[in-house]
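Biologist: Could you walk me through this one before I set anything up?
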Amino acid sequence: RTVPFVAKAIGAPIAKIAARVMAGEMLADLPQINRHIAHVAVKEAVFPFARFPGVDPVLSPEMRSTGEVMGIDSDFATAFAKAQLGAGDALPDTGCAFISVKDSDKDRVLPAAKRLVESGWTIVATGGTARFLDAAGVPVTRVNKVAEGRPHIVDKITDGAIDLIFNTTEGWQSQRDSASIRASALRGKVPYYTTAAACDAAALAIATPSARNLDVRPLQSYYPT
């Protein structure tokens, strides 16, 4: 599915060109592909987890997506925001974010946490992440893990007190412990990001004014004339 996505993103029939080359034509004799485009296209997978209550919305090696969407704009942050919206995960402008990440991701997620605070967000985090953010000068409130007793993070998500989740795990035990967080986020339709790169992209999109004031343009308008 990547080939038609790229073809739509750049406005060139790359599958047709490839087929003609395979049939013996010279690439130099075919229409040139303009590689200097002035826009960014972001592909986002669409998953069916919301249709299956009780299923853990965690990824594994097998294909689980049922489709994909494209977000396209002049900059990455806005294109990313459009892709999230198209996939059913509209990014909120402000609110309370829950952050709990594995040790190797703490430094990588720090800029995203700071960007959220600068955009007016409040942060809650579990013990280790809370201590790390506090030491880095990020205002944060500690919240219990589920195993640490109530009130805990799942209670907050269920009560509608959490608007965004950054949660990366390491090892089967950590992944299993986070299952209730994923399930409650799914039920509450809370945007949930499980990699450091996605957390950074989400925070960047939230902090970018153009990503909060989206416009709609025909796909063909992005192609060079």
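Biologist: Is H39 buried or exposed?

Modeller: H39 is buried, its relative accessible area being 8%, where buried means under 20%, exposed over 50% and partly exposed in between, with a 1.4 Å probe and protein chains only. Please keep in mind that this is a predicted model, in which local features need pLDDT of at least 70, side-chain atom pairs count only at pLDDT 80 or more, and totals for chains, interfaces and linings use all residues. Residues are numbered from 1 along each chain as its sequence is written, and side-chain values use heavy atoms, with hydrogens and water left out.

Biologist: Which residues does H39 touch, leaving out those up to four places away in sequence?

Modeller: With contact taken as heavy atoms within 4.5 Å, H39 touches A9, I72, D73, S74 and Y222. For A9, the backbone oxygen lies 2.7 Å from a polar atom of the H39 side chain.

Biologist: Switching topic, what is the strand order in the open sheet?

Modeller: The order is β5-β4-β3-β6-β7, five strands with parallel pairing, where two strands pair if DSSP finds at least two bridges between them and a strand is a DSSP run of E with at least two residues, as a helix is one of H or I with at least four, both numbered from the N terminus.

Biologist: And which strands stand at the edges?

Modeller: β5 (141–142) and β7 (192–193) do, each having a single partner strand, so one side of each is left without a neighbour in the sheet.

Biologist: How many bridges join β3 and β6?

Modeller: Four, in the parallel sense, between β3 (residues 96–100) and β6 (residues 164–167).

Terms used
Polar contact = N/O pair within 3.5 Å; in protein donor to acceptor, adjacent residues only side chain to side chain.
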